[in-house]
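I opened the model to follow some strand pairings and then to look up the surroundings of a single side chain. My notes are below, in the order in which I looked.

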Amino acid sequence: MLHNLHVKNLALIEEAEVDFSEGMNILSGETGAGKSIIIGSIGAAIGEKVSRDMIRKDADYALIELIFSVDDTVRRKLEAMDIPMEDDQVILTRRISSGRPVAKINAESVPAAKLKEAASLLIDIHGQHEHQSLLNQKNHLQILDAYAKKEYKGLKEELAEAYHAYTSIRNELNGASLDIEQRTRELSFLQYEAEEIEAAALTPGEDEELEKQYRRFANGKKIMGSIGQVYELTSENGAAQMTGHAVLEISKISAYDEKAAQLETQLVEIDDLLNDFNRELAGYMDDMDFDEEQFYEIEKRLDLINGLKAKYGGTIGHILSEYENKLARMETLSDYDAYLSGLSQKLEQKEAALEALCKKLSDIRQKEAVRLAKKIKEALIDLNFLDVQFELQLTRKKEYTVSGYDEAEFRISTNPGEPLRSLTKVASGGELSRIMLAIKAVLADCDEIGTLIFDEIDTGISGRTAQMVSEKMNVISKDHQIICITHLPQIAAMADAHFLIQKQAKKNHTETTIRKLNEDESVDELGRMLGGVKITDTVLKSAKEMKDLAIATKNSQSETDR
C-alpha cells in the first residue's frame with residue numbers, strides 16, 4: 001500500500017505531500033489543474049523516464065518520494081533482490097537534476113532497472129491510453145501469461161532455455177554449408193595458423209618474465225650508474241671507511257663507561273651491516289654485466305609473442321585457447337559429413353525437447369484461456385456489456401518462439417446474434433477502456449501488487465455505464481488500494497478518500513496544489529463535476545444524493561462479500 005507521496009520542484013508543484021488511504025482514493029480537479037503531474041510524479045519515482053525540463057523554474061532539482069508498506073511475501077521478494085529491509089516499509093526516492101537522475105530504495109542508491117523491478121512488486125499504473133495496447137494482438141498472450149503465471153511453475157524459463165539451445169544448433173547448421181573448395185581453403189589456413197602457434201612453443205607466464213628482463217636490460221645503463229654511485233658512497237672509500245674509524249675511536253673509551261660500551265656495540269653492528277651490504281652490492285654489480293646478444297634474443301622473443309597476441313588474443317592463455325579451437329575446427333573439417341550429420345541429430349533432439357515443452361505450456365494455456373475468458377466476460381457484464389460474448393482463441397504459429405508456439409487473440413461480440421470477431425477490429429475507445437478495466441479487475445484477483453493507479457479510465461463512458469464502472473472499481477478496492485484520477489462524478493462519489501487538485505496563481509508564478517477533502521467539500525466537488533460553472537442548490541442536492549447512493553452501494557457490496 002502507498003502511504004505517502006512527497007513531491008518537490010516538479011513542473012507546477014513547488015512542494016506537495018499526500019497521505020493516501022486504504023480502499024478507493026479519488027483525485028479530481030479542473031482540466032489543466034495538474035492531475036497528470038501527480039500521476040507523472042509517481043511514474044518518475046518508480047523509474048519511468050522524465051525530462052529535466054520538468055524541474056520547476058528557478059529550482060536546481062526535483063525530488064519525488066513514495067513510502068509503501070508491504071506484506072511478508074513482497075518483503076521476501078525484495079530481500080531476494082538484495083534490497084535492504086529493516087521493517088515492512090519501502091521508500092522509493094528519485095532525484096532529478098542537471099546531472100544523472102539518482103534513484104534510491106530505502107536510502108541505498110540503485111540503478112534505474114532495479115528501481116523499476118522493485119516498483120513492479122508494489123504498484124501498477126494504468127495510463128490514459130493503455131487500453132490502446134489491446135489493439136496489439138501480441139499483448140493478448142502476455143495478459144494470458146500474467147493470469148496463468150502461477151500454473152507455469154518455471155515452465156516458461158525451462159522453455160526459453162530449450163529454445164535458445166535449439167536456435168543455437170539451428171544457426172550453426174544453417175551456417176555450415178561449405179563446399180569442398182571452401183573447406184580445403186579454410187583447412188589450409190587453419191593449419192598454417194596452428195603451426196604458427198605451435199612453433200612458438202609458448203609457456204604461460206613467460207611474457208611477463210621476459211618483460212621484466214627486458215625492462216632491466218633496457219634500463220641497464222641507468223641502473224649501473226646509480227648502483228656505482230651507491231657503492232662509492234658506502235664502500236671503503238665512503239661510509240664503510242668512516243664507520244671503521246668511528247669504531248676504532250669509540251673502542252678507546254668503551255672500557256671506561258657503560259653507555260659508551262653500549263654505543264660501541266651498536267656501531268659495530270652498523271659496521272658489520274654496511275660491510276655485508278657492500279658485499280651484496282658488489283655481487284649485484286657483477287651480475288649486471290650487459291649482454292647485448294641476450295638482450296637481442298629477449299627483444300625478438302617478445303616481438304614474436306606480441307605479434308601472436310595481436311592476431312589471436314591479448315594473453316598467452318587466449319593464444320593457446322585459440323590453438324585448441326583451431327585444432328577442433330580442423331578435425332571437424334577433416335570429417336565434415338560426420339559433423340553435419342551430428343548437427344542434424346542434435347537439432348532433431350533439441351527440437352523434440354522444445355516441442356514437448358511448447359505442448360506442455362500450450363495445454364496449460366488452453367485450459368487457463370477458458371477460465372480467463374469466462375472471468376473477463378463476467379467482469380464485462382458488471383461493466384454494462386449486457387449481451388457480451390468473449391473468448392480467448394489460441395492458434396499455433398509456424399515457428400517456435402522463446403514463449404512457445406502459441407498465438408493468442410481476444411474475440412468479442414457485444415450485440416446478440418453477431419459472431420465473435422477480433423477485439424482489435426470491433427471495439428470502440430470507450431469499450432476498450434472498459435475491457436481493459438475488466439482485465440485489470442481479473443488480474444488483480446491473482447496479483448500480489450497492492451496499489452493500482454487508474455489515470456482517467458472514464459474515456460468514452462457516461463451514465464449507467466459510469467455507475468457500473470465505479471461499482472467494479474469499488475469491488476477491486478476491497479483487496480487493493482486504488483488511486484484514480486477521474487472526471488466522472490459517479491466514480492468520484494465512491495471515494496474512501498477524495499483529493500482535490502487545483503492550480504493557483506501566486507504573485508509571479510503558478511502553483512499546483514493537492515489537498516484531502518472532508519465530506520462536505522467532497523459533495524461540493526461532486527457538484528462542480530455535475531453542474532459545471534454554476535453550482536445551484538439543486539446540483540448540490542443531486543451531488544449529496546449521489547454520495548449517499550454511493551455509500552449505500554458500498555455498504556451493500558460489503559454485505560454481499562460477507
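Which residue in strand 14 does Asn25 stand opposite? Bearing in mind that this is a predicted model, I looked the position up and found Ala497 in strand 14 across from Asn25. I then noted that strand 3, residues 24-28, pairs with strand 14, residues 497-506, in the parallel sense over 4 bridges.

Next I turned to strand 15, residues 509-516, which runs antiparallel to strand 14 and is joined to strand 14 by 8 bridges. Along this pairing I found Ile501 opposite Ile514, and Ala505 opposite Thr510. The two strands form a hairpin with 2 residues between them, and I recorded a positive phi of about 55° for Lys507 in the turn.

I placed these strands in an open sheet of 6 strands, with the order 8-12-13-3-14-15 and mixed pairing. Strand 8 (123-126) and strand 15 each have a single partner strand and stand at the edges, so one side of each lacks a neighbour in the sheet. From one strand to the next, the twist averages 15°. I also saw that helix 18, residues 519-531, lies across strand 3, strand 14 and strand 15, and that this helix runs at about 70° to strand 14.

Last, I looked up Tyr339, which is found in helix 13, residues 336-382. Is Tyr339 buried or exposed? Tyr339 counts as buried, because its relative accessibility is 18%, where the cut-off is under 20%. Leaving aside neighbours within four places in sequence, I listed Glu172, Ala176, Arg329 and Thr332 as its contacts. Ala176 is 163 residues from Tyr339 along the chain, yet their C-alpha atoms are separated by 9.3 Å.

Conventions
Residues are numbered from 1 along each chain as its sequence is written. This is a predicted model: local features need pLDDT of at least 70, side-chain atom pairs count only at pLDDT 80 or more; totals for chains, interfaces and linings use all residues. Side-chain values use heavy atoms; hydrogens and water are left out. Buried means under 20% relative accessible area, exposed over 50%, partly exposed in between (1.4 Å probe, protein chains only). Contact means heavy atoms within 4.5 Å. Two strands pair if DSSP finds at least two bridges between them. Axes are lines fitted to C-alpha atoms, for helices over the stretch in contact, and angles run from 0 to 180 degrees between N-to-C directions.
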